[in-house]
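Colleague: I have a chain open here and would like to go through its fold with you. Could we take it step by step?

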Amino acid sequence: MRKKTIKCIVVPRGTVDEIAKEVGCSQMSVYRALRLETASVQADKIREIAIAKGGILTTKTTFKPIITV
């Protein structure tokens, strides 16, 4: 297995819906912004709101299997 560490913003439950309504975007846009996958003015605004609502910037470790054929 291969270990991968990614940065993300973790928010309290239900906050994604609130942020999506406040910014006027989809939940998927909020999820992508919180996983730092996008770089735009809207994504920056989403991250700023998430931190203000109690979000925490952290790192998450994922394990991906190495597939050999």
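Modeller: The chain has three helices and two strands as its secondary structure, where helices (H or I, at least four residues) and strands (E, at least two) are DSSP runs numbered from the N terminus. This is a predicted model, in which local features need pLDDT of at least 70, side-chain atom pairs count only at pLDDT 80 or more, and totals for chains, interfaces and linings use all residues. Residues are numbered from 1 along each chain as its sequence is written, and side-chain values use heavy atoms, with hydrogens and water left out.

Colleague: In what order do the elements run from the N terminus?

Modeller: The order is β-α-α-α-β. The radius of gyration of the chain is 14 Å, well over the 11 Å that the globule rule gives for 69 residues, so the chain is more spread out than a compact globule. That radius is taken over C-alpha atoms, and the rule is 2.2 Å times the number of residues to the power 0.38.

Colleague: What does the C-alpha trace span along its principal axes?

Modeller: The span is about 45 × 20 × 20 Å.

Colleague: And what percentage of the 69 residues is buried?

Modeller: Buried residues make up 26% of them. Buried means under 20% relative accessible area, exposed over 50%, and partly exposed in between, with a 1.4 Å probe and protein chains only.

Colleague: Let us turn to α2. Which of its residues are buried?

Modeller: Helix α2 covers residues 27-34, and V30, A33 and L34 are buried there. These residues cover an arc of only 95° around the axis, which puts them on the same side of α2; the arc is that of the directions from the helix axis to the C-beta atoms.

Colleague: What covers them?

Modeller: The cover includes β1 (2-10), α1 (15-23) and α3 (41-52). Just after α2, L36 has a positive phi of about 60°.

Colleague: Now α3: is I46 buried or exposed?

Modeller: I46, which sits in helix α3, counts as buried because its relative accessibility is 1%. Beyond its neighbours within four places in sequence, the contacts of I46 include V30, A33 and L34, contact meaning heavy atoms within 4.5 Å. I19 and V23 are also among the contacts of I46.

Colleague: What about E48, buried or exposed?

Modeller: E48 also has its place in helix α3, but E48 counts as exposed because its relative accessibility is 61%.
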